Amino acid sequence: MSYPDTRNNEQYPAYQLVKTRLQKQLDNGSTQCDLCLWRCKMVHGQRGFCQAHVNRHGTLYNLSYGIISAIDIGPIDDKPVRHYRPGSQVMSVGSYGCNFRCKGCHNLDISWGVTALDDLARGQSTSAYVTPRQLVDTAKRFGVEGIAFTYSEPAVWLEYVLDVSALAKEAGLYTVYVSNSFVTQEALAEMAPYVDVLCSDIKSLSNDFYKDLCPVANVEQVLACIEQAKQLGIHVEVRTNVIPTKNDDPDELENIAVWIRDHLGADCPWHITKFFPAYKLSHLPATPNELLWKARDRARNAGLSNVYVYGDKGCDCATDNLPIDHFLQGDPQEIHRVKKCAASCCGSDGVVLKKYELRGSD
Ligand code: SF4
Ligand code: SF4
């Protein structure tokens with residue numbers, strides 16, 4: 001299936017559904033999304049696990065193209081990335097939808113984005129729509145050196161990530177992709193020419209741990225994705241958020257360090273971050289700093305040379321961000337005007353996504 005190259009123009013000046021970049025129609029009448037390793041198979045009216053892609057009459061569309069959930073500006077070191085343009089300012093952006101359901105996620109409203117994506121599906125969203133050109137212009141206006149896609153899983157937003165990244169490259173900006181790495185080889189290959197840095201989680205080396213976040217995930221798939229990113233020439237740094245009683249076994253943490261050393265190189269940065277209680281893991285304590293230092297010492301003993309501990313910081317959260325309107329130019333009323341798909345392909349049916357809602361309440 002081929003798609004128009006939209007990277008150098010403003011093909012979508014107003015919000016509309018945009019074809020899912022990687023999809024294939026199956027013999028049984030469903031269509032498979034190949035953006036992430038869920039490889040969701042959907043029939044007309046269904047949305048994938050992330051809720052951000054919908055099947056309309058056999059073709060998949062992204063609901064969240066250009067829809068921005070959060071923006072922030074700060075040093076790249078906070079992503080965390082330490083060995084690529086250290087100290088430079090980066091504009092972080094995210095949208096709604098994630099392919100994992102982490103029980104300790106701090107970004108639920110925007111990462112899972114259930115309400116926001118339902119509003120888009122109903123044609124009732126007031127979220128900001130920002131074209132790729134507008135986003136890159138915003139980054140330039142604030143004088144940053146790069147754009148980071150973060151806060152949720154960028155793979156589910158790949159259509160927009162690619163269009164922004166291509167324009168960012170033209171404008172001399174670098175790009176950072178903060179990911180759980182449950183991403184297909186095809187999606188990585190699409191990203192590779194446009195993404196400078198992958199900052200990836202290795203959440204654990206336990207399949208049970210991963211299955212708790214995502215029933216179809218396994219560790220080998222995640223590790224293979226990270227290794228492939230390096231082979232594709234992307235600068236890779238990895239992060240582990242150490243959660244008491246969940247993934248805090250020192251031997252397992254050392255094994256993560258050994259895997260990084262053997263597959264990404266002894267100089268690959270490993271960021272060890274502190275867990276802070278959230279959502280379904282609110283009953284757990286914050287990670288004792290001693291545990292983090294111990295993991296660092298064992299990693300160094302294993303031969304990893306760039307190990308960083310964050311005793312006061314957990315995830316790349318958006319909770320303290322300024323409102324989006326602070327960063328965008330234009331009338332706030334216009335920015336938050338109700339979004340309905342601007343395409344006319346639904347004909348007299350109106351917004352076909354309303355059918356999804358009807359189907360959903362069948
Ligand atoms: S991005 Fe992943 S979770 Fe979302 S529809 Fe595609 S395969 Fe499913
Ligand atoms: S912690 Fe990250 S991967 Fe997990 S649900 Fe939240 S945004 Fe998604």
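Biologist: In which sense do β9 and strand β11 (residues 146–149) pair?
Modeller: First, a word on the ground rules: this is a predicted model, where local features need pLDDT of at least 70, side-chain atom pairs count only at pLDDT 80 or more, and totals for chains, interfaces and linings use all residues. Residues are numbered from 1 along each chain as its sequence is written, while chains are lettered from A and ligands numbered from 1 in the order in which they are written. Helices (H or I, at least four residues) and strands (E, at least two) are DSSP runs, numbered from the N terminus, and two strands pair if DSSP finds at least two bridges between them. Between β9 and β11 there are four bridges, and the sense is parallel.

Biologist: How many of the six residues of strand β9 (residues 89–94) are buried?
Modeller: A residue is buried if 20 or more other C-beta atoms lie within 10 Å of its own, exposed if 12 or fewer, and partly exposed in between, with C-beta atoms placed from the backbone. Strand β9 is largely enclosed by the rest of the structure, because the buried residues number five.

Biologist: Which strands stand at the edges of the open sheet of three strands?
Modeller: The order in this sheet is β2-β3-β4, with antiparallel pairing. Each edge strand has a single partner, so one side of each is left without a neighbour in the sheet; they are β2 (23–25) and β4 (41–42).

Biologist: Is Gln51 buried or exposed?
Modeller: Gln51 sits in the loop between β4 and β5 (53–56), and has a positive phi of about 70° although it is not a glycine. It has 22 C-beta neighbours inside 10 Å, so Gln51 counts as buried.

Biologist: Is Thr245 buried or exposed?
Modeller: Thr245 is also not a glycine, and has a positive phi of about 70°. Its place is the loop between β14 and α8. Because 9 other C-beta atoms lie within 10 Å, Thr245 is exposed.

Biologist: How far apart are the end C-alpha atoms of helix α9 (residues 289–301)?
Modeller: The expected span of a helix is 1.5 Å times one less than its number of residues. With 13 residues, α9 should span 18 Å, which agrees with the modelled distance between its end C-alpha atoms, 19 Å.

Biologist: Which residues of α9 are buried?
Modeller: On the other side of α9, Glu290 and Asn301 are exposed. The buried ones are Leu292, Ala295 and Ala299.
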